Amino acid sequence: MSKWQAEKAERNRQSLARLNRALPSLFPPAVLSWALGRPFVPPTPRLAVDSYWRAHPIRADRLARALATRSGAPPGWTWQLGDNREHGLPATYRTPPAPYRERIYTQGPGFCCVCGQPVYRFGWHVDLWDSGANMNATWHCACVIAWQFWNAPSDYTRLLRRLQARRCGQSGRRLWKSAEVDHRVPLFRVWSEHRETPWPDLLNYWGLPNLQLVNRDVHAAKCALEARDRRAARPAPAA
Ligand SMILES: [Zn+2]
């Protein structure tokens, strides 16, 4: 065994001992088996949960949208943009609408600011331990990953490439290395035409249902068409 392998084995032995000490008798089995299969075992239950969701962004995306459906939008909420950071309104339509991140609808500690549901131990979304909401948390671990996925889908091209069996989402041709992430319904159109869609259905426009990987030339052509439509839709300046 090389020195490096010996060090790795020792590190894993220590991490596993730490994890076992901190592990409650109830723990999501999928997360545990994921953690035990890592080249470097996460040393705490919380890190095991983080690692699990980081590796499963599509699952996180689906779960976050499902949890948000349980909450629904707060009464009176509409999708608005704003540049006053204190109000917590998104500055651009590119950011997914998240009512529970806005100051007037925020529910405070123990609730997730993305989906609006209670957060439990280890940032989990189910109270397996009957210990009530985790008052130190304002995000589910899953919702952190979903939020990253929605805001920066181009960080997930490898995953999308696999999901699409390496075919361009638009042309069906083989995907090139330079393929780019595209919103099937562009976000400017979501803002201009689908703004009244009830929340959280709106989130589907940021999630997997509206994402595709397309070849660069196809993407450029699609964007040019969209830009033309956008110009045509803009009211003509008064003479
Ligand atoms: Zn959440």
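## Zinc site and helix 5

Cys143 is buried, at 0% relative accessibility (buried means under 20% relative accessible area, exposed over 50%, partly exposed in between, with a 1.4 Å probe and protein chains only). This is a predicted model, in which local features need pLDDT of at least 70 and side-chain atom pairs count only at pLDDT 80 or more, while totals for chains, interfaces and linings use all residues. Residues are numbered from 1 along each chain as its sequence is written, and side-chain values use heavy atoms, with hydrogens and water left out.

Cys143 is also one of the protein donors of the zinc ion, which lie 2.1 to 2.3 Å from it. Donors are N, O and S atoms within 2.8 Å of the metal (3.2 Å for Na, K and Ca); water is not among the atoms, so sites may look incomplete.

| Donor residue | Atom | Range for the donors |
|---|---|---|
| Cys112 | SG | 2.1 to 2.3 Å |
| Cys115 | SG | 2.1 to 2.3 Å |
| His140 | ND1 | 2.1 to 2.3 Å |
| Cys143 | SG | 2.1 to 2.3 Å |

The donor residues follow the spacing C-x2-C-x24-H-x2-C in sequence. His140 is buried, with a relative accessible area of 1%. The zinc site is tetrahedral, with angles of 96 to 120 degrees among its 4 donor atoms; four donors count as tetrahedral if all angles lie between 85 and 135 degrees.

Helices are DSSP runs (H or I) of at least four residues, and strands (E) of at least two, numbered from the N terminus. Because 8 of its 11 residues are buried, helix 5 is largely enclosed by the rest of the structure. Among these buried residues are Cys143, Trp147 and Trp150. Val126 is partly exposed, at 37% relative accessibility.

Technical notes. Four donors count as tetrahedral if all angles lie between 85 and 135 degrees; four count as square planar and six as octahedral if opposite donors are over 155 degrees apart and all others between 65 and 115; anything else is irregular.
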